[in-house]
Amino acid sequence: MSAPDAAAVDDGPAGAHDSRVAAPPLVRRMAAFLYEGVLLFGVLGVTALVYGVLAHQTSGIEKRTGLIAVCFLVLGVYFIGLWTRAGQTLAMKTWHLRITAADGAPLAPYRALARYLAAYVWFLPPLALASALRLPSAWAIFGLVAGWIVLYALAALLHPRRQFWHDALCGTAIGTARPLAPLPQ
């Protein structure tokens with residue numbers, strides 16, 4: 001086990017937690033971020049389909065505000081529910097990551113809600129800028145969002161424990177969650 005993993009959260013006995021959660025490598029956290037996006041593409045696709053049928057939506061522009069609100073709620077239930085229940089989403093489990101309170105304790109619902117809302121910092125600033133600049137193409141908006149995501153992720157390297165800044169704000173931390181025993185061969 002490497003030095004950063006030694007202080008990281010693991011799947012130890014209930015109630016046992018490290019008082020100082022060390023962040024896993026940024027590359028692993030960003031891989032989980034991308035994988036989460038792939039999974040959520042499906043979740044939001046099904047959500048949009050169900051909403052469209054139930055709301056009798058005949059075009060993507062029609063009843064768009066309601067669709068955005070429903071997607072926001074579905075994502076909230078997904079993240080807050082999984083973070084408080086298991087400390088992990090499927091992508092986090094795949095990449096051996098766990099979200100906890102900054103002291104390593106399980107995440108309380110109010111803290112999970114705060115993190116869910118604060119995590120929109122990944123997308124809202126560049127989207128607001130794109131709107132203010134009235135960018136002409138989807139590619140320009142995509143480039144702005146992608147650039148912001150890279151810069152925001154790299155900003156975690158400035159944090160004393162390498163945590164993302166929205167985690168520092170909310171009193172949460174991402175740590176390593178290794179399996180208790182090796183997989184059978």
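**Overall fold**

The model is predicted. The protein holds eight helices and two strands. Read from the N terminus, the elements follow the order α-α-α-α-β-α-α-α-α-β. The protein has 185 residues, and 37% of them count as buried. Now take the contacts between residues at least 6 apart in sequence: 69% of them join residues at least 24 apart.

**The largest pocket**

The volume of the largest pocket is about 1,300 Å³. Its lining counts 38 residues. Nearest the centre lie Phe33, Gly37, Leu40, Trp122 and Phe123. Which elements give two or more residues to this lining? They are α2 (26-54), α3 (64-85), α5 (109-118), α6 (124-133) and α7 (138-155). Helix α2 gives the most, with eleven residues. The lining of the largest pocket is made of 33 nonpolar residues, two polar ones and three charged ones.

**The largest nonpolar core**

The largest nonpolar core is built from 24 residues. Met30, Phe79, Trp83, Trp122 and Phe164 have the most contacts inside this core. Two or more residues come from each of α2, α3, β1 (97-101), α5 and α7. The largest share is that of α3, with five residues.

What does phenylalanine 164 touch, leaving aside its neighbours within four places in sequence? Its contacts are Leu26, Arg29, Met30, Trp122, Tyr152, Ala153, Ala156 and Ile174.

**Helix α5**

Helix α5 has buried residues: Ala112, Arg115, Tyr116 and Ala118. What covers them? The cover includes α3, β1, α8 (165-170) and β2 (172-176). Helix α5 also gives two or more residues to the lining of the largest pocket.

Now for residues in loops. The table lists where each one sits and its relative accessible area.

| Residue | Loop | Relative accessible area |
|---|---|---|
| Histidine 56 | between α2 and α3 | 62% |
| Histidine 96 | between α4 (90-94) and β1 | 25% |
| Leucine 135 | between α6 and α7 | 25% |

Is histidine 56 buried or exposed? Histidine 56 counts as exposed because its relative accessible area, 62%, is over the 50% cut-off. Histidine 96 has a value of 25%, between the 20% and 50% limits, so it is partly exposed. Leucine 135 is partly exposed too, because its value is 25%.

Most residues other than glycine have a negative phi. Histidine 56 has a positive phi near 55°. Histidine 96 has a positive phi of about 55°, although it is not a glycine.

Leucine 135 has contacts beyond its neighbours within four places in sequence. They are with Ala130, Ala140, Ile141 and Leu144.

Methods:
Residues numbered from 1 in each chain as written. Predicted model: local features only at pLDDT ≥ 70, side-chain atom pairs only at ≥ 80, totals over all residues. Heavy atoms only, no water. 1 Å grid on protein atoms, 1.4 Å probe; cavity = no way out; pocket = protein on both sides within 12 Å on 5 of 7 lines; lining within 4 Å. Points joined across faces, edges and corners; volume = space filled by probe spheres on them. Helix = DSSP H or I, 4+ residues; strand = E, 2+ residues; numbered from the N terminus. Nonpolar A, V, L, I, M, F, W, Y, C, P; charged D, E, K, R; others polar. Core = buried A, V, L, I, M, F, W, Y, C linked by side-chain atoms within 4.5 Å. Buried < 20%, exposed > 50% of the residue type's maximum accessible area, 1.4 Å probe, protein only. Contact = heavy atoms within 4.5 Å.
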